[in-house]
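Q: I'd like a close look at one part of this model, with an eye to its open spaces. Could you walk me through it?

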Amino acid sequence: MNNSNNKLKVGIIGATGMVGQRFVTLLSNHDYFEITYLAASKNSAGKTYGEAVGTRWKMATPIPDNVADIVVHDAAAVEEACGKVDFVFCAVDMKKDELIELEYAYARAEIPVVSNNSAHRWTKDVPMLIPEINSEHINVIDSQRARLGTKKGFICVKPNCSIQSYVPMLEALMEYEPYEVAVTTYQAISGAGKNFNDWPEILDNIIPYIGGEEEKSEREPMKVWGKVENGEIVAASSPAITAQCLRVPASDGHMAAVFVRFKKNPTKEQILDAWKNYSGEPQKLELPSAPKQFITYFEEDNRPQTALDRMTENGMGICAGRLREDKVYDWKFVGLSHNTLRGAAGGAVLCAELLYRKGYLTKA
């Protein structure tokens, strides 16, 4: 679908922030979607996107020419988006209760929302997708639409960026019944919407606290592994996960040190084989953003490394390494994912591609 007349019209709500900027770069020349609408805070409304972002542009490439002159709207003015978009991505920075209502307002206006935010992650009929793992959860959208009284509008979310660095490896090993997991994540500063110019105090420093992150890291995998029952997603109860989350002086890329116990303890060969051969619906459908190899294992003792490997599969692949037997747990390993690509905007774009191919995103 390269003809722009056939592409879905997409809006980005929260377009001036770091994740919004990443959406802009990913969607400026997309096979399925075309940016037609941008929205942010009232302070940015009425300005062109180039003017609104100004010196706050944080991507490595310049603002795309086809986006720089688009006039930014007020994110709260939902009615202004009606008729201009087929769906929106939401990455706006607001209080949780306000964000819940804002996303509902877009959905009830028959504008589907693919959200990068945490506000609706625990709404029972809102799918929270890692598309390679739980693509079947999109079926709950039919029940959500019935609750909202919409024909087209709905909300779909992606999970916390840090869980991408370990949940895929655990998912590939589910036949061996992992039941206890200890994980420590080492998270880049872009996860806080910062770069080194914004946050000089992170240099030569590690901060052992990220507000709310440990609870998300322990709970959100349970919804991803849950089952759809009676129009709701019922969270799984296993494996039990305990997490610590640290902020480290890396620009992009979240790393995880993982320890696992299994009811059916696999061999090293079985683990590596499972990781190598695991794939999901995005690979089957050959979605534009999907990595061809979902999980890449590095044999070197000192890999994966954040700076060297975060762009594996254009930043959409999951990296694993240092698989070893453990004296306390059964196995331990290291994982790595790019937090603003696979973990945030790129993951949301992949969700939208899946929703489009499954018929949940259509032209207005």
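How much space lies in the largest pocket?

A: Keep in mind that this is a predicted model. The largest pocket holds about 1200 Å³ of space. Its lining counts 47 residues, and those closest to the centre are Ala91, Val92, Asp93, Asn116 and Asn117. If you sort the lining of this pocket by class, you get 16 nonpolar, 18 polar and 13 charged residues.

Now for the elements around the largest pocket. Helix 1 (18-27), helix 4 (96-108), helix 8 and helix 12 (341-357) are the ones that each give two or more residues to the lining. Helix 8 provides the largest share, with five residues.

Let's stay with helix 8 for a moment. Running over residues 213-224, helix 8 has twelve residues. From first C-alpha to last, helix 8 reaches 16 Å, close to the 16 Å expected at 1.5 Å a residue. Buried residues in helix 8 are Glu213, Ser217, Glu220, Pro221, Met222, Lys223 and Val224. As for what covers those buried residues, the list includes two helices, helix 5 (131-134) and helix 7 (167-171). Strand 7 (178-187), strand 9 (232-234) and strand 10 (240-247) are also among the elements covering them.

Helix 4, another contributor to the lining of the largest pocket, is where you'll find Leu99. Leu99 counts as buried because its relative accessibility is 4%, and the cut-off for buried is under 20%. Leaving aside residues up to four places away in sequence, Leu99 touches Cys90, Val92, Met94, Asn117 and Ala119. For a sense of the fold here, take Leu99 and His120: they sit 21 residues apart in sequence, with 8.7 Å between their C-alpha atoms.

There's also the second largest pocket, with a volume of about 380 Å³. That pocket is lined by 18 residues, and Leu26, Pro288, Ser289, Asn314 and Met316 lie nearest its centre. Helix 1 and helix 12 are the elements giving two or more residues to this second lining, and both helices also turn up in the corresponding list for the largest pocket.

Note on methods: Residues are numbered from 1 along each chain as its sequence is written. This is a predicted model: local features need pLDDT of at least 70, side-chain atom pairs count only at pLDDT 80 or more; totals for chains, interfaces and linings use all residues. Side-chain values use heavy atoms; hydrogens and water are left out. Helices (H or I, at least four residues) and strands (E, at least two) are DSSP runs, numbered from the N terminus. The expected span of a helix is 1.5 Å times one less than its number of residues. Buried means under 20% relative accessible area, exposed over 50%, partly exposed in between (1.4 Å probe, protein chains only). Contact means heavy atoms within 4.5 Å. On a 1 Å grid over the protein atoms alone, a cavity is a set of points where a 1.4 Å probe fits but cannot get out, and a pocket is an open set with protein on both sides within 12 Å along at least five of seven lines; lining residues have an atom within 4 Å of a point. Grid points are joined across faces, edges and corners, and a volume is the space filled by probe spheres set on the points. Ala, Val, Leu, Ile, Met, Phe, Trp, Tyr, Cys and Pro count as nonpolar, Asp, Glu, Lys and Arg as charged, and the others, Gly among them, as polar.
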